[in-house]
Each structure stands twice: as C-alpha cells, then as structure tokens.
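Good morning, and thank you for coming.

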Amino acid sequence: MFSYYMPTRILVGENVVRNNASAFALGRKAIIVTGRSSAQKCGALNDVTDALNKIGVSYDVYDKIENNPTVECAYYGGRFAKDHGADFIIGIGGGSPMDASKAIAVYAVNDIEPMQIFDGNFVNKPLPIIAVPTTAGTGSEVTPYSILTLTKEQTKRNFTCEDCFPKIAFLDGRYTVKLPIQVARNTAVDAMCHAIEGYLNNRATAASDYIALETLRLIGECLPALKSGDFSVPICEKLLFAASLGGIVISQAGTTIVHSMGYQLTFFKDIPHGMANGMLIGAFLDWCGDVCGEKIARVVEAIGLSSVCEFKELMKKLLVNESLFTDEEIEAYLKISMNAKLASAPKTVTIDGERDIYRKSLL
Ligand code: NAP
Ligand code: FE
C-alpha cells in the first residue's frame with residue numbers, strides 16, 4: 001500500500017518560460033523572489049518579467065534572499081509581499097530562493113509569529129507559487145518543503161505544507177549552463193543524496209524507488225560533464241530534470257540522517273548544502289550497509305559504478321572540502337542532530353552511529 005501525490009506541472013525545454021507566458025497568469029500581482037544576482041545574470045529573471053509584461057501581470061522583485069535563508073529573511077519577504085498586494089509568488093534561483101518563496105507565500109497571508117510556520121499553525125492557504133530553478137539539485141520546485149535556518153537553535157528546520165507545492169516548475173537548461181563548476185557539482189550531489197536517502201528510507205514506496213533509480217541513472221550519464229566542467233544546454237536540462245525527479249522522490253519518501261547531520265556542517269562551517277551531504281553519504285552507506293546491502297548495490301549500479309568504494313572516490317573527486325573539524329565540534333553537532341526526526345532512517349539511529357558517521361567523514 002502506498003500513496004503518490006505530485007501536484008506540480010513540470011514544463012521542460014529551451015525557452016520554456018517565453019513559450020508559455022500564459023501559464024504565468026496565476027493572479028494580477030506577482031512578487032518575484034530571488035537571491036542577490038544570479039537570477040538576473042543567468043537570464044531567468046528577464047525571461048520571467050518579459051512573460052509577465054506580455055500577459056499584463058504586474059510584479060515587484062524581492063531580491064534579498066541569502067543562501068540558506070533564515071526564518072527572519074523569509075518573514076520580511078512575507079511582509080513585503082503583503083505590503084505590495086501580491087496574489088502569487090514566483091521563486092527564481094537555487095533552493096534558497098525557492099524555499100524562501102514557500103515561506104513568503106505563507107507569511108504574506110497569515111498574521112503569525114515567524115516560528116509558528118513550523119507548527120503548521122496558520123489558517124489561510126499560502127499564495128500560489130511558480131518555481132524556476134537555476135541550480136540542478138534541491139528539487140524544491142516539486143516539493144512541499146521549505147528549509148529555513150534557525151539562528152538561535154544553530155541549525156536548519158523544515159516546514160512542510162501541501163499547498164506549498166509549486167503549481168508550475170519551469171526547467172530550462174540555459175539557466176544552469178554557466179553555473180560555477182563547484183555549485184554544479186554540489187547541487188548534483190544533493191540530487192543524488194535525495195535519490196539515495198529516499199531509496200534507502202523506510203518511507204520509500206514502489207513509486208519513489210522507481211523514480212530514485214532513474215534519478216541516479218540520469219545523473220550517472222552526466223558524470224563526465226560534472227567531472228570535466230564541460231556543460232551543454234542538453235546536459236544541463238538532463239541534470240535539471242534529474243534534480244526534479246530527486247525532488248519527487250523526497251516528496252514521497254523524505255530524506256534521512258545525511259540531511260539532518262549535514263545541516264550542522266552548513267550552519268557552523270558554511271559548507272554548501274549539497275557538499276555537506278556528499279561529505280557524509282559514504283559513511284552513511286557503510287553505517288546502513290548491514291541492513292540494506294542489496295539496495296545499496298542497486299544504487300551503485302544505477303549510477304554506473306561498480307562498488308561503494310568507487311562511489312566514495314567519486315564524492316572525493318567532485319567535492320573539495322578544506323574545513324577542519326575537531327572531536328569537540330562533532331560532539332556539539334551530535335547534540336543538535338540527534339534532535340531531528342530520525343524514525344525514517346533505514347535502521348535505529350544511535351548517538352554512537354551518528355558519531356561514527358561524522359568521525360569517518362570529517363576527521
Ligand atoms: P542556493 O543557496 O540557492 O544558491 C547557492 C549559490 O548559487 C548562490 O550564491 C546563488 O547566487 C548561486 N546561483 C544560483 N543559481 C545560479 C546560476 N544559475 N548561475 C550562477 N550562480 C547561481 O543553492 P542550492 O544548493 O540550490 O540550495 C540550497 C538550499 O536549498 C539550502 O537552504 C537547502 O537546505 C535547501 N534545500 C531544499 C530542499 C527542498 O526540498 N525544499 C531540498 C534540498 C535542499 P544568488 O544568491 O545570486 O542567487
Ligand atoms: Fe537537499
């Protein structure tokens with residue numbers, strides 16, 4: 001028995017925004033949510049504003065989303081959207097602006113304290129959202145999740161709201177073709193981790209398993225480009241599609257402890273999200289190898305590799321981490337990561353198990 005729900009319409013292809021301007025008619029006034037500059041530089045912002053102008057929809061741009069956005073950053077975005085009379089939200093960027101868009105869509109129509117968003121404690125449905133990813137990784141364009149940084153708690157937390165599934169996701173490989181090589185690698189590794197964690201997760205379903213293996217197969221086909229940095233629009237489109245498939249996997253099955261442990265590496269050491277996951281995934285596979293060895297063999301095979309060893313070598317090749325860690329830091333991370341929801345992991349999570357994963361990965 002399982003259920004499968006994925007309400008986002010995905011439109012894929014070169015110039016997909018310009019060719020589908022009428023799909024932007026979700027309201028009369030949009031707030032476009034972006035990071036500092038990449039939405040403009042990669043051409044996505046221009047395409048979206050041209051589409052809105054063409055169909056006569058007015059808009060304002062909120063370009064203040066930082067990487068790993070804080071709950072406050074999204075809250076101010078919500079005030080901005082309310083003050084400007086928005087009736088829908090367009091998130092353009094990597095996971096940070098897309099996740100912030102979801103929280104902004106909630107805050108814009110609910111007079112709540114910032115932290116209330118995590119309890120689902122709001123009455124009004126969030127504004128409708130359109131997502132235009134400019135990294136190929138998080139899959140946020142097809143998930144109901146928004147991951148926000150909590151400064152006081154020194155970690156990140158996820159809120160989930162089915163009405164935050166974007167209504168439409170526009171995937172155009174032109175937007176990611178000039179991604180800095182390390183951002184392209186980090187985000188592709190994030191997508192791989194979504195597929196792997198979703199596949200090994202005990203919430204995995206027949207549908208999510210099927211999609212997880214296809215995600216890994218597609219990313220496997222892009223490994224030569226990810227290694228060499230030689231990207232073409234078709235390869236970027238394949239990576240974007242794979243990242244959306246990875247998002248569909250976690251929409252059904254969720255992630256697991258690689259993500260909840262990785263948040264500490266991002267919070268304390270500013271290690272990008274995908275890189276943090278990639279640093280931990282090898283030791284995670286060792287940790288759960290005794291209970292899901294067969295599934296791990298299928299993961300490795302789907303990527304086109306022959307062993308977990310080869311997979312770990314691949315992670316080392318794609319990720320460059322220069323941060324140094326101490327035992328004391330690991331103990332501090334453990335205190336936080338053991339507070340996460342751990343029930344979906346493939347086996348019982350103990351503090352010794354997580355310590356072992358951190359130590360093997362970081363020391
Ligand atoms: P990101 O934090 O959105 O962006 C990283 C950097 O890449 C930023 O400096 C951004 O610049 C730049 N960038 C984005 N697109 C670019 C382009 N086309 N060309 C050049 N530079 C570009 O990175 P991300 O890895 O995509 O997202 C990470 C966030 O997503 C984390 O907060 C993570 O927790 C979250 N996440 C969410 C989900 C989910 O299901 N909702 C899943 C996994 C991860 P600008 O600031 O100028 O835009
Ligand atoms: Fe992720």
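Predicted model: local features only at pLDDT ≥ 70, side-chain atom pairs only at ≥ 80, totals over all residues.

Which side chain has an N or O atom 3.2 Å from an oxygen atom of ligand 1? It is the side chain of Asn-68. Residues are numbered from 1 along each chain as its sequence is written, chains are lettered from A and ligands numbered from 1 in the order in which they are written, and side-chain values use heavy atoms, with hydrogens and water left out.

Let me stay with ligand 1. A polar contact is a pair of N or O atoms within 3.5 Å; within protein, one must be able to donate a hydrogen and the other to accept it, and residues adjacent in sequence count only if both atoms are side-chain atoms. Ser-38 places a polar side-chain atom 2.6 Å from an oxygen atom of ligand 1. Gly-95 uses a polar backbone atom instead, at 2.8 Å from an oxygen atom of the ligand. Taken alone, ligand 1 exposes 950 Å², and the protein buries 88% of that (areas by the Shrake-Rupley method with a 1.4 Å probe; for residues, only the protein chains shown count as cover).

Helix 4 (95–107), strand 6 (145–150) and helix 5 each supply at least two residues of the shell around ligand 1. Helices (H or I, at least four residues) and strands (E, at least two) are DSSP runs, numbered from the N terminus.

I turn now to the metal. The iron ion, ligand 2, is coordinated at 2.1 to 2.3 Å by Asp-190 through OD and by His-194, His-259 and His-273 through NE2. Donors are N, O and S atoms within 2.8 Å of the metal (3.2 Å for Na, K and Ca); water is not among the atoms, so sites may look incomplete. The 4 donor atoms subtend angles of 82 to 169°, which makes the arrangement irregular. Four donors count as tetrahedral if all angles lie between 85 and 135 degrees; four count as square planar and six as octahedral if opposite donors are over 155 degrees apart and all others between 65 and 115; anything else is irregular.

Asp-190 and His-194 both lie in helix 5 (residues 181–200), 4 residues apart, about one turn of the helix. Asp-190 is buried at 2% relative accessibility, and His-194 is buried with a relative accessible area of 2% (buried is under 20%, exposed over 50%, partly exposed in between, with a 1.4 Å probe and protein chains only).
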